[in-house]
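Please look at the sequence and the model before reading on.

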Amino acid sequence: MSFIGSSALSSLLVFAFIGIFFVAIGFFVVIPIIIGVALKGSLKKVAAIPTFDEYSRANPHLVNNGRVSCVKCNGSSIFLQRVATMPTSIISHHVCRTCGTALYRSTN
Ligand SMILES: [Zn+2]
């Protein structure tokens with residue numbers, strides 16, 4: 001009787017071990033891949049927008065004393081749109097309120 005009991009216990013332990021094994025695989029392989037793909041996608045989107053330096057160098061006439069104008073509609077009302085949150089920083093796009101064009105990005 002006790003033999004059957006211990007064999008049931010050991011097969012339970014094997015199942016528990018297999019369960020933990022797959023959870024560990026899920027944790028250390030699948031989740032980083034999902035995060036990596038998501039991060040790569042958002043970084044691609046982020047990098048498509050120039051930095052403030054690039055924007056001001058490409059459009060010096062649109063940047064005057066800290067006031068920035070839109071390259072498309074010349075509007076000067078710009079809002080911040082948070083696009084990616086990194087472990088140490090937040091990346092935002094500066095978007096024209098008038099025409100919705102993302103003008104440049106910043107990190108803070
Ligand atoms: Zn605009």
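How many residues of domain 1 are in contact with residues of domain 2? The contact involves 4 residues of domain 1 and 4 residues of domain 2, where two residues are in contact if their C-beta atoms, placed from the backbone, lie within 7 Å. The model is predicted: local features need pLDDT of at least 70 and side-chain atom pairs count only at pLDDT 80 or more, while totals for chains, interfaces and linings use all residues. Residue numbers start from 1 along each chain as its sequence is written.

**Domains**

The domain assignment of the protein chain gives domain 1 as 1-48 and domain 2 as 50-108; such bounds come from an automatic or database domain assignment. The side of domain 1 that touches domain 2 has 2 nonpolar, 1 polar and 1 charged residues. In this classification Ala, Val, Leu, Ile, Met, Phe, Trp, Tyr, Cys and Pro count as nonpolar, Asp, Glu, Lys and Arg as charged, and the others, Gly among them, as polar. Between the C-alpha centres of domain 1 and domain 2 the distance is 41 Å.

**Sheet**

Three strands form an open sheet in the order β3-β4-β5, with antiparallel pairing. β3 and β5 are at the edges and have a single partner strand each, so one side of each is left without a neighbour in the sheet. On average, neighbouring strands of this sheet are turned by 25° against each other, direction ignored; the axes are lines fitted to C-alpha atoms, and angles run from 0 to 180 degrees between N-to-C directions. Strands here are DSSP runs (E, at least two residues), numbered from the N terminus, and two of them pair if DSSP finds at least two bridges between them.

| Strand pair | Residues | Bridges |
|---|---|---|
| β3 and β4 | 78-85 and 90-96 | 7 bridges |
| β4 and β5 | 90-96 and 102-107 | 5 bridges |

A hairpin of 4 residues joins β3 to β4, and alanine 84 stands opposite isoleucine 91 in β4. The hairpin of β4 and β5 has 5 residues between the strands, and its glycine 100 takes a positive phi near 80°.

**Core and contacts**

The largest nonpolar core has 7 residues, namely Ile49, Cys70, Ile78, Val95, Cys96, Leu103 and Tyr104. A core of this kind is a set of buried Ala, Val, Leu, Ile, Met, Phe, Trp, Tyr and Cys residues joined through C-beta atoms within 7 Å. A residue is buried with 20 or more other C-beta atoms within 10 Å of its own, exposed with 12 or fewer, and partly exposed in between. β4 and β5 are the elements that give two or more residues to this core.

Leaving out residues up to four places away in sequence, tyrosine 104 touches Ile49, Pro50, Thr51, Phe52, Tyr55 and His94.

Alanine 102, also in β5, is partly exposed because 18 other C-beta atoms lie within 10 Å. Alanine 102 and isoleucine 49 are 53 residues apart in sequence but 6.9 Å apart in space, C-alpha to C-alpha.
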